[in-house]
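Please find below my comments on the model under review. They are set out as numbered points, to be read alongside the sequence and the structure.

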Amino acid sequence: MSSQSNVNYQHSIDQSDRNVPINLRQTGDPGIRMLISNRVRKSAYWHLSVEAGCWRATVYNRMYHPRGYVRPEDGGAMVEYRALVNDVTLWNVAVERPIRVKGPDAEAFCNYVCTRDMTRVPSMKGRYVILCDEEGHVLNDPVMLRLSQDEFWFTISDSDLAYWFKGINVGARYDVTIEEIDVAPLQIQGPKSEDLMADLVGEGVREVPYYGLMAAQIDGVDVIISQTGFSGEKGYEVYAYDSTLNAEAVWNAIRAAGEKHNLMVIAPAHHRRIAAGILSYGQDLDHETNPFQCNLGHMVPKTKEADYIGKQALEATREKVNNGNPPFTHQLVGLKIEGKPIEDYAPDFWLVGHDADSEPCGWITSPWYSPELNTNIGMAYVPVESAALGTEFVAWLPEEYQPMPGHPVPAVVAEMPFRESVNPSARERARAEGREYAY
């Protein structure tokens, strides 16, 4: 049981801007074993992950999601991290299950459900996008791939995007078909990923730009390759057609080609994505989060003339934020956090306060240790009025991370991303060009 269980948060942390407050009770890791049953889907690559040594999983989009291959006694997640930043890694991310929108009105439909301007996206290109409800809350933040004039794929985060799309179209009646397809994504991430991909599909992959797409074959299987990923390192995603039938062929070909590059099968590297400032849906934001609240305000373009779901609410929010009167109580920030190295997932939203003698006022969503920065880093929601860079807090970490048992550790608001990414994000590119929004 966490030592924070006696810390009062129910009344001290203002969540009045939410219909359902985030449960901030501290329970720690109770050591519960996940039940593997047929109520939760197993992806096309699930059995291959088990063969590769997957020893723990979570549930994501009602599918089992591998979250650990190297056991703690062998070095745990930090061994996987070193493979990512030094060599190349293979991730089973089939839980991102693509949703296809196809038909004569595909562009118009996607432009209506996305905040970014889909008419600016050419065929065989992708974008990171957000989709909001009419109140301007983020329902999903997928990677969108435009394969052709009339075909879009959304590789979704943890929510029922297909149901949302179909519900919207009941009334809108765009001429499109909306369906999940048998295309299970894999990620190949790390500094040696380009060389591995060239061995797999030819030298042409070196010409694929960031968020560019390429059609290819792996061991005779048709695939779509995108230069995208969830790591901040150089990387690609591989989408195999008819994945249920072709899983072994594609997986085994990647592993065979990866041997000379020191390929390791790992779980999604949350330690690296935190350093890159990449958000995790359900952890750093959810369906009650406003994009201006979680560093996604740049995803609300000023130049998009077409209407889209949530446009009126989001433009009103932008005006309130610019006037210093945001319609939310807490802002997502980066934190540098002292204490012993955090080298695994946090089972709770750990709490933060202004000092050791005050009540908690915010919570940490994603903490991890950065070997490069030699400190713990993380994302946290803190009161809007205390979100400026350099603001000092304390963090109530579990005892195993406390240098002095029973005492919180210092923390300070820091710039995100914490580390430079191989490919700058849309937010970073917009900032470099003097824009506060992406196109």
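1. A nonpolar surface patch is here made of residues with over 30% relative accessible area and no salt bridge, whose nonpolar side chains are joined within 5 Å. The model is predicted, and the points that follow should be read accordingly.

2. Met-34, Ile-36 and Val-59 together make such a nonpolar patch, with an area of about 220 Å². Of these residues, Ile-36 is found in the segment that precedes α1 (46-51). Ile-36 has a relative accessibility of 41% and therefore counts as partly exposed; the partly exposed class lies between the limits of 20% for buried and 50% for exposed.

3. Is helix α5 (residues 193-201) largely enclosed or largely open? The helix is largely enclosed by the rest of the structure, because seven of its nine residues are buried. The buried positions are Ser-193, Glu-194, Leu-196, Met-197, Ala-198, Leu-200 and Val-201. Just after α5 comes Gly-202, whose phi is positive, at about 105°.

4. A barrel is closed by six strands, which follow the order β16-β19-β18-β17-β20-β21 with antiparallel pairing. On average, neighbouring strands of this sheet are turned by 40° against each other, direction ignored.

5. Which strand pairs with β16 over four bridges? Strand β21 (residues 409-414) does so, in the antiparallel sense, with β16 spanning residues 330-337. Within this pairing, Gly-334 has Ala-414 of β21 as its bridge partner.

Notes:
Residues are numbered from 1 along each chain as its sequence is written. This is a predicted model: local features need pLDDT of at least 70, side-chain atom pairs count only at pLDDT 80 or more; totals for chains, interfaces and linings use all residues. Side-chain values use heavy atoms; hydrogens and water are left out. Patches are made of residues with over 30% relative accessible area and no salt bridge: like charges are joined within 9 Å, nonpolar side chains (Val, Leu, Ile, Met, Phe, Trp, Tyr) within 5 Å. Accessible areas come from the Shrake-Rupley method with a 1.4 Å probe; for residues, only the protein chains shown count as cover. A salt bridge is a side-chain nitrogen of Lys or Arg within 4 Å of a carboxyl oxygen of Asp or Glu. Helices (H or I, at least four residues) and strands (E, at least two) are DSSP runs, numbered from the N terminus. Buried means under 20% relative accessible area, exposed over 50%, partly exposed in between (1.4 Å probe, protein chains only). Two strands pair if DSSP finds at least two bridges between them. Axes are lines fitted to C-alpha atoms, for helices over the stretch in contact, and angles run from 0 to 180 degrees between N-to-C directions.
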